[in-house]
Amino acid sequence: MEKINFASPFVIIFIAGTIISFIVNHILEYLDYRSRRINGSKVPETLADIPEAEALFSEEKLSKITAYENAKYKLWIPSSILTVVLCLVMVLSGFYPWVFNLCCRITGFPCSFWTLFFCYLIFSFITEIPETILGLPFGLYREFSIEKRFGFSQMTFKLWLTDQLKSMLVALIPALLLSAAVSFAFTFFESTWWLIVSVVLFVFILLAQIIYPKFIAPLFNKFEPLPEGELKEKLEKLLSVTGFTNKGLFIMDASKRSGHSNAYFSGFGKTKRIVLYDTLVNQLSADELVAVLGHELGHFKLKHILKGFLKSVPLIFIGAYLLFRLSQVPELYYAFGFDVPAGQLKWMQFIGITLTSFVWQSVSEILTPVGNISSRKHEYEADRFSADVCGTSKDLISGLVKLNSENLSELYPPPVYVWWNYSHPTLVQRVKALRKYEENKKENDKEKSV
């Protein structure tokens, strides 16, 4: 194994960032666990006057919510510990330089497009194996023990295995294409590859929006047009009022895998389609479904999706440029045990990208709250949009209460945990915000009438 330079700033940042992120996450998860122990048997006062809440959050249901969250927490503890230990061992033991040297012996030192391409592929494949093996038993235990025990998972081992094989095959094609594009850029555009890669990635993201709903999603689930009836009429009326052009309303057979519920949009432009999980349709009334879809349409009408996409475009280019600059720094390679033969740095830039990602991932945890603050703001805005377009927030509130109960989501996460980890406001926060919005709206209407 190669020698790691533990005095290097790159290595110091990686180790410190990894350990600090680990400690922060464990403190937050413990605070959340303690909150469940103290408040898990109580219904928040905000929900007490909601007719459905008493039945949906019975003593038995509250106990089940606590048990479900605790089961996931107790599985997460050993998983997170072993994942961090594996990460530190792989990086600090010289495993990655050893794998790179092995790949070079197999392919010949990368000195052409094809040798670089195959070296890149073999390196990526081998270095993914340890983490995949470690995550496998935890994933199986969660799916076939925890999720089944609490009534969510309908998965059979045969279906699970089929899904894994399909996922691997589906992921293989874009992985090959992207690896080829990156290798081509490294080979023929030594100083501007970051620009080429950014454009390729941007195009790939756009194409995925078209390809996924038409060709990939049907490999895993069946999509049936929403049948004629009250629900379809109400949803089509909502779409007409909001001016949402789409290719149709579909129900997905999510229940063959899980009892969890959801709804989503896919595609863009005139190819957009709306997909409702069959579990969602079974859990909510027609008016509640309209309100929930109104919330999703709010994201579209308020341009949250477009804004997020437009924000990601410069970040892709900036990120690629920073990767390019750092991949030109020999000290980065030396720090993690790699030799850089004279004049051969350009053939090792994918290693530089890998090492930069290690350093970045170790400290990126501190930026988690930043993205979540913006996301929660958008959720509040979409809730208000739904209340406006539906004429009331009553159906959205009752729908949210039902979904929270059906999905066994906890009711009392501590504020610091929400601030750090939640991309959506809690149920209590959303109900409070909707009620306040309607109160303010009524007061404004009175003032206008006067």
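The following exercises, each with a worked solution, concern a predicted model.

Residues are numbered from 1 along each chain as its sequence is written, and side-chain values use heavy atoms, with hydrogens and water left out. Because the model is predicted, local features need pLDDT of at least 70 and side-chain atom pairs count only at pLDDT 80 or more, while totals for chains, interfaces and linings use all residues.

**Exercise 1. Overall form**

Task: State how many helices and strands the protein has, and decide how its radius of gyration relates to the globule rule.

Solution: 
- Step 1. The secondary structure consists of 17 helices and four strands; helices (H or I, at least four residues) and strands (E, at least two) are DSSP runs, numbered from the N terminus.
- Step 2. The radius of gyration, taken over C-alpha atoms, is compared with the globule rule of 2.2 Å times the number of residues to the power 0.38. The protein has a value of 25 Å, close to the 22 Å given by the rule for 450 residues, so it is as compact as a globular protein of that length.
- Step 3. Along the principal axes, the C-alpha atoms of the protein fill a box of roughly 80 × 55 × 50 Å.
- Step 4. Of the contacts between residues at least 6 apart in sequence, 77% join residues at least 24 apart; contact means heavy atoms within 4.5 Å.

**Exercise 2. Salt bridges**

Task: Explain which parts of the chain are tied together by the pair Lys 234 and Asp 287, and by the pair Asp 388 and Lys 441.

Solution: 
- Step 1. Side chains of opposite charge can pair when their charged atoms come close. A salt bridge is a side-chain nitrogen of Lys or Arg within 4 Å of a carboxyl oxygen of Asp or Glu, and the structure holds 15 of them.
- Step 2. In the bridge between Lys 234 and Asp 287, the closest N and O atoms are 2.7 Å apart. Lys 234 belongs to helix H8 (residues 230-242) and Asp 287 to helix H10, so the pair ties together parts that are 53 residues apart in sequence.
- Step 3. For Asp 388 and Lys 441, the closest N and O atoms are 2.7 Å apart. Here helix H14 (residues 368-390) holds Asp 388 and helix H17 (residues 427-449) holds Lys 441, so this pair ties together parts that are 53 residues apart in sequence.
- Step 4. Lys 394 forms a salt bridge with Asp 395, with a closest N to O distance of 3.5 Å. Lys 394 is exposed at 56% relative accessible area, whereas Asp 395 counts as buried at 16%.
- Step 5. Salt bridges with shared partners join Asp 32, Arg 36 and Glu 410 into one network.

**Exercise 3. Loop residues with positive phi**

Task: Determine whether Leu 408 is buried or exposed, and locate Lys 303.

Solution: 
- Step 1. Leu 408, a residue other than glycine, has a positive phi near 55°. Leu 408 lies in the loop between helix H15 (394-406) and helix H16 (415-421).
- Step 2. With 2% relative accessibility, Leu 408 counts as buried.
- Step 3. Lys 303 is not a glycine, yet its phi is positive, at about 65°. Its place is in the loop between H10 and helix H11 (304-327).
- Step 4. Lys 303 is partly exposed, its relative accessible area being 45%.

Methods. Buried means under 20% relative accessible area, exposed over 50%, partly exposed in between (1.4 Å probe, protein chains only).
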